[in-house]
Amino acid sequence: MRDIYHSVTLDKDKCRGCTNCIKNCPTEAIRVRGGKAAILKSKCIDCGECIRICPHHAKIASTDDLKTLSNYKYNIAIPAPAFYSQFSEDIDINILLNALKAIGFDYVYEVAEAAERVSIAITNYLKKNDRTAPSISSSCPAIIRLIQVRFPELIENIIPINSPMEIAGKKAREYGVQLGYRDKDIGVFFITPCPAKVTSILRPVGVKKSYINGAFSITQIYSEIIKKLSSINEADLENLQKSSGQGIIWGVSGGEKHAVDYGNRLSVDGIHNVINVLEEVEMGKLNNMDYIECQACIGGCIGGALTVENRFIARIKLERIARRYGQKFSVDCDEVLADYKKGEYFLKEEIKPKPIQPLDKNLGRAVEKMKHMEKILEDLPGLDCGACGAPNCQALAEDIVRGYAQELDCIIILKERVNELAEKMVALSKTVPPAMGIKEPEEEGTNNWD
Ligand code: SF4
Ligand code: SF4
């Protein structure tokens, strides 16, 4: 079994145990223990909410170092569409792509172009009669992991088509091979807006191995690009920009919904909103929908935790850029359809549920523990303050039953116990031992004392 990997990690020296992150984690995967945050690996979906929320920059995403490029003979960058929205709109996309070459890549393949291909593939998939409706988009890996962990019964709703990032990786690799490079000498690197994509490269879901070797965050690459822009000579530009607005618009929420052309479509962004919508899907309230685009970040990938531009500004910019590059697909639709029919776009492995560990492997004991948990929850104050290091009282009750915490971790209960103890001590301090007392002892019905 492949081990659990997470690209979100903690810089313990910077963490002050402020509890901000535990209250915003959508899967309740963080606790504060001993004054520091700790991530519960089985629950974390790498959405990056904690990176965004931490006021002390203690949560970090593991990405590659540019020195990694020296491990390969031919390096290809595959930038996410959101990358384009991070710079001034006046800078042509082709200049940005050439700037990527200038920082050390040999070639650039746009994920936006792959997104066009995936839009065509999804449109065809939605025409199938035997799919489970509503179909849920598979492009955001944080959502896939959320479904695996929290909504395993919705796995069959996930569209079994590779993400634009993976398709771009595949196309980039094929290009390198066409040039005569051996597969092992080709390095394909994603320019990522989020940690979830990094995790999906290193621990892919639905495929055995990713076509991509690693990732650099937009935050990391941004200053390198800015440094190179002034030295780019427009006369020497290689034509690397191929995508149309249909692929570029995938970088904002609603972009997929726009590019996929079939049926009743819904777009939802922001992990907490997605959770609400998935609960409705679970209850069968959205069976009239054909397609639901779900993105963990507010605004879509332009709002990813590893971007630099304000997400609202980035949205306006990307929408304008997409309009500039037109609505006509740049890819050959017939070729995409032929590849789709050959199964080229489909995931090769089943997506497996990753449900949270039961309270006990033994069903009888699990029921007992559940009852115990409910009893503990009744006794807790219900303030959901987070001072215990768990995100809410329910989570603390569960932690107590699992043996990770104790009732006295709740500061209200601790205060009550201290008060009780103090009252007992005061009462005790007023007690005078008989030898020092002034009152004569009484014994009912007798007169044994003289
Ligand atoms: S938000 Fe979380 S990681 Fe950041 S300082 Fe507070 S407890 Fe630590
Ligand atoms: S919405 Fe985009 S940036 Fe945010 S977690 Fe999903 S893939 Fe990453």
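Does aspartate 384 count as buried, exposed or partly exposed, and at what relative accessibility? In this predicted model, aspartate 384 comes out as partly exposed, at 37% relative accessibility. That value falls in between the cut-offs, since buried means under 20% and exposed means over 50%. The residue sits in the loop between α14 (363–379) and α15 (393–402). Its backbone is worth a look too: phi of aspartate 384 is near 50°, a positive value in a residue other than glycine.

Histidine 57 also has a positive phi without being a glycine, here near 55°. Look for histidine 57 in the loop between α2 (49–53) and β4 (59–61). With a relative accessible area of 56%, histidine 57 is exposed, because the cut-off for that class is over 50%. One more backbone feature turns up at alanine 133 and proline 134, which are joined by a cis peptide bond with omega at about -5°. Proline 134 belongs to the loop between α4 and β7.

Three strands make up an open sheet in the order β7-β11-β10, and the pairing is parallel. β7 (135–136) and β10 (265–269) are the edge strands, each pairing on one side only. Between β7 and β11 (residues 291–295) there are 2 bridges, in the parallel sense, and serine 135 has tyrosine 291 of β11 as its bridge partner. Helix α11 (residues 271–282) packs on this sheet and touches β7, β10 and β11, with its direction at about 140° to that of β10.

Strand β8 (residues 186–192) is another matter to walk through. Of its 7 residues, 7 are buried, so β8 is largely enclosed by the rest of the structure. Both faces are covered: one side carries Ile186, Val188, Phe190 and Thr192, the other Gly187, Phe189 and Ile191, and all are buried. β8 runs parallel to β5 (residues 74–79), to which it is joined by 6 bridges; asparagine 75 is partnered there with glycine 187. β8 also pairs with β9 (residues 214–217), again in the parallel sense, over 4 bridges, and here threonine 192 has serine 217 as its bridge partner.

Setting aside residues up to four places away in sequence, leucine 100 touches Ala77, Pro79, Phe83, Phe105, Val108, Ile191, Ile221 and Ile225.

Beyond its neighbours within four places in sequence, glutamine 148 is in contact with Ile155, Val205, Ile351, Lys352, Pro353, Lys354 and Pro355.

Finally, the ligand site. Around ligand 2 lie Cys140, Pro141, Pro193, Cys194, Lys197, Gln295, Ala296, Cys297, Cys301 and Gly304. Sorted by class, this shell has 7 nonpolar, 2 polar and 1 charged residues.

Note on methods: Residues are numbered from 1 along each chain as its sequence is written. Chains are lettered from A and ligands numbered from 1 in the order in which they are written. This is a predicted model: local features need pLDDT of at least 70, side-chain atom pairs count only at pLDDT 80 or more; totals for chains, interfaces and linings use all residues. Side-chain values use heavy atoms; hydrogens and water are left out. Contact means heavy atoms within 4.5 Å. Two strands pair if DSSP finds at least two bridges between them. Axes are lines fitted to C-alpha atoms, for helices over the stretch in contact, and angles run from 0 to 180 degrees between N-to-C directions. A residue is near a molecule or strand if one of its heavy atoms lies within 4 Å of it. Ala, Val, Leu, Ile, Met, Phe, Trp, Tyr, Cys and Pro count as nonpolar, Asp, Glu, Lys and Arg as charged, and the others, Gly among them, as polar. Buried means under 20% relative accessible area, exposed over 50%, partly exposed in between (1.4 Å probe, protein chains only).
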